[in-house]
Amino acid sequence: MGSGAWKIEKRDDFRSETFKEENVLENGTLSIIVLGASGDLAKKKTFPALFHLFKQGFLNPNEVHIFGYARTKISDDELRSRIRGYLIQGASSKDLEGVTKFLQLIKYVSGSYDGEEGFRQLDKEIAVHEDSKNSADGSSRRLFYLALPPSVYPSVCGMIKNYCMNNSDHGGWTRIVVEKPFGKDLESAEKLSNQIGELFDESQIYRIDHYLGKELVQNLLVLRFANRFFLPLWNRDNIENVQIVFREDFGTEGRGGYFDEYGIIRDIIQNHLLQVLCLVAMEKPVSLKPEHIRDEKVKVLQSVLPINDDEVVLGQYDGYTDDPTVPDHSNTPTFSTVVLRIHNERWEGVPFILKAGKALNSRKAEIRVQFKDVPGDIFRCKKQGRNEFVIRLQPSEAMYMKLTVKQPGLEMSTVQSELDLSYGQRYQGVAIPEAYERLILDTIKGDQQHFVRRDELKAAWEIFTPLLHRIDNGELKPLPYKPGSRGPEAADALLEKAGYVQTHGYIWIPPTL
C-alpha cells in the first residue's frame with residue numbers, strides 16, 4: 001500500500017468497563033444487607049422502601065431475605081418492632097398483613113464496623129439463607145446498603161470484601177450502595193473513591209442521590225428528547241436563564257451539629273441540584289444505556305466555568321447558632337444562591353441559578369426555565385412577564401407552561417395563564433413511587449443510569465471545592481436573614497443581575513380534584 005493511501009485502524013474502546021454487558025442474574029436468591037440498620041436513615045427510608053417493593057411484588061419472599069447489621073445489641077424481634085412503626089403509617093388492614101409477612105424476612109446481626117467477627121457471622125447467616133434455597137455456589141445475589149456515615153465506608157467495604165463476598169462467579173453478584181455525602185471536597189472525595197475503588201469495580205458501586213429517583217427528575221429525559229417542540233427551543237437563542245430551586249420552611253431542627261460540618265452547598269447544591277442541572281443541560285445521549293447518559297452528564301460538568309464570587313450570595317438565618325451543637329461564630333451558610341455558567345455551544349451566556357435554603361417562607365423544589373422576551377411585541381405585554389416552563393419536583397408534582405393569552409371579554413387585553421399538567425389531577429389513583437424504592441430496584445436490576453459515576457463525582461467537586469474552601473477559611477461571609485423570609489435581599493438582587501424577570505401578579509395555584 002502506498003504511503004499516501006488510506007488505512008483503517010480499530011479504535012480503542014473509550015467507554016468505561018461498566019458499559020460491557022455482564023452475565024448477571026435477575027432472579028434467584030437475593031440477600032439484602034442494610035448496614036446501620038438501627039439508624040434513622042434505615043428506619044425512615046431504606047426499610048420502608050424495601051417494604052413497598054415487597055408489597056408490589058418486586059421482592060419475592062421465596063427468593064429474598066433481608067439482614068440488618070449494626071453495633072446495637074438487639075434481637076431480631078426488637079429490630080422488627082423498631083421498624084414496624086414506620087411501615088404501618090397510613091396502612092390499610094390488608095397492608096398490615098403484608099407488614100407482618102415482610103418483617104418475617106428480616107434477621108438481625110450485631111457487630112462492629114471494623115471487626116472480623118461480626119462480618120464472619122453475617123456471612124454465615126447469609127450462607128444459611130442461600131443454602132436453604134439450594135443456591136449454587138457463587139450464583140446468589142448480595143446487595144449491601146450502607147446506611148452509614150462516610151467515615152466508616154472504607155472499613156466496612158474492606159470487611160465486606162474480605163468476609164462477605166460470593167465465593168465464585170457463576171452469574172451472581174455483590175453490589176454496594178453508598179449514601180452521600182461522598183466527601184467534603186475534591187481531595188476527600190477522591191480519597192474515599194480510591195479506598196472503595198481498590199476493593200470493588202465501578203460496576204459494583206452505586207452512589208445513591210435520591211433526587212435522581214424522583215418522578216419529575218426521571219421525566220426530564222423524556223420531556224427533552226421525546227417532544228419535538230422542545231428540541232429547537234432548548235438553547236441560548238431562546239432561553240434567558242434557568243433556575244433550580246430547593247426551599248425548606250424549617251431550620252436544622254436537631255441536625256445542627258451535623259449540618260454545620262457541611263452547610264447548604266455540600267448538603268443540597270453540590271449534589272442534588274447539580275444532578276438536576278446535568279439533566280436539564282446535557283446533550284442527547286447515543287442511547288438510554290446508563291454509560292451513554294452518564295457520559296453526557298460528565299461533559300456538562302466539565303464545561304462549567306469557575307464560580308465567580310460576585311455571583312454567589314450566602315445567608316444564615318437568625319437563631320441558627322442558638323442550637324447548642326452549633327458553634328457561636330459559625331460561618332456555615334444555611335442559604336445560598338450560586339450562578340453557574342456552561343461554556344459550550346448550546347448554553348454560552350445562559351446563567352444557571354442554583355438556589356437552596358432553610359427556614360424560608362415556603363417549601364418546594366422546582367426547575368424554572370425562563371424564555372427570552374418576544375421580539376417586536378405588538379401587544380405590549382411585557383408587564384405580564386416572560387414565558388416560563390416550570391417543573392415542580394415537590395410537593396404537588398406538576399409541570400406547567402406560563403404563557404400570555406387574551407383576557408376573556410370584549411377588549412383586546414392580555415393576561416398570563418398556564419398550560420398545566422398536575423399529577424394529582426391527571427393521574428388520580430396512581431401512586432408515585434418514593435425515590436428510594438426506584439433506586440433500590442435499579443440496583444437489584446443492575447441499572448446504574450440514576451447513580452453517580454466516579455468521574456462525575458470528581459467533576460462536581462472540581463466545580464465547588466474552591467468556593468467551599470473560601471467559605472471554610474472565612475473569606476466569604478453569610479448574610480443574616482429572618483426565618484420565614486425569602487432569604488437575604490442580596491439574593492433577589494443577584495437574580496435580577498443574572499437576567500431573571502419576576503412575574504408580578506401571577507401565582508400558580510395547584511388545581512383541586
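A residue counts as buried when its relative accessible area is under 20%. Keep that cut-off in mind as we walk through this predicted model, because R453, at a relative accessible area of 6%, is buried by it.

Another one joins R438 to E215, whose closest N and O atoms are 2.3 Å apart. Here helix α12 (residues 435-445) supplies R438 and helix α7 (residues 215-218) supplies E215, so parts 223 residues apart in sequence are tied together. R438 is buried, at 16% relative accessible area, while E215 is partly exposed, at 24%.

Next comes K358, which forms a salt bridge with E248, their closest N and O atoms being 2.6 Å apart. This pair links distant parts of the chain, with K358 in the loop between β10 and β11 and E248 in the loop between β7 and α9, 110 residues apart. Both K358 and E248 are buried. Elsewhere, salt bridges link K364, E366, R368, E388, R392 and K402 in a network.

Finally, let's turn to a helix pair. The axes of α4 (residues 116-132) and α5 (residues 153-163) come within 10 Å and cross at roughly 50°, so the two helices are oblique to each other. The crossing is right-handed. In the contact, E116, F119, R120 and D123 of α4 meet V156, M159, I160 and Y163 of α5; these residues divide into 5 nonpolar, no polar and 3 charged.

Key. Residues are numbered from 1 along each chain as its sequence is written. This is a predicted model: local features need pLDDT of at least 70, side-chain atom pairs count only at pLDDT 80 or more; totals for chains, interfaces and linings use all residues. Side-chain values use heavy atoms; hydrogens and water are left out. Axes are lines fitted to C-alpha atoms, for helices over the stretch in contact, and angles run from 0 to 180 degrees between N-to-C directions. Helices (H or I, at least four residues) and strands (E, at least two) are DSSP runs, numbered from the N terminus. Angles under 35 degrees count as roughly parallel, over 145 as roughly antiparallel, 65 to 115 as roughly perpendicular and the rest as oblique. A crossing is left-handed if the near helix is turned anticlockwise from the far one by less than a right angle, and right-handed if clockwise. Contact means heavy atoms within 4.5 Å. Ala, Val, Leu, Ile, Met, Phe, Trp, Tyr, Cys and Pro count as nonpolar, Asp, Glu, Lys and Arg as charged, and the others, Gly among them, as polar. A salt bridge is a side-chain nitrogen of Lys or Arg within 4 Å of a carboxyl oxygen of Asp or Glu. Buried means under 20% relative accessible area, exposed over 50%, partly exposed in between (1.4 Å probe, protein chains only).
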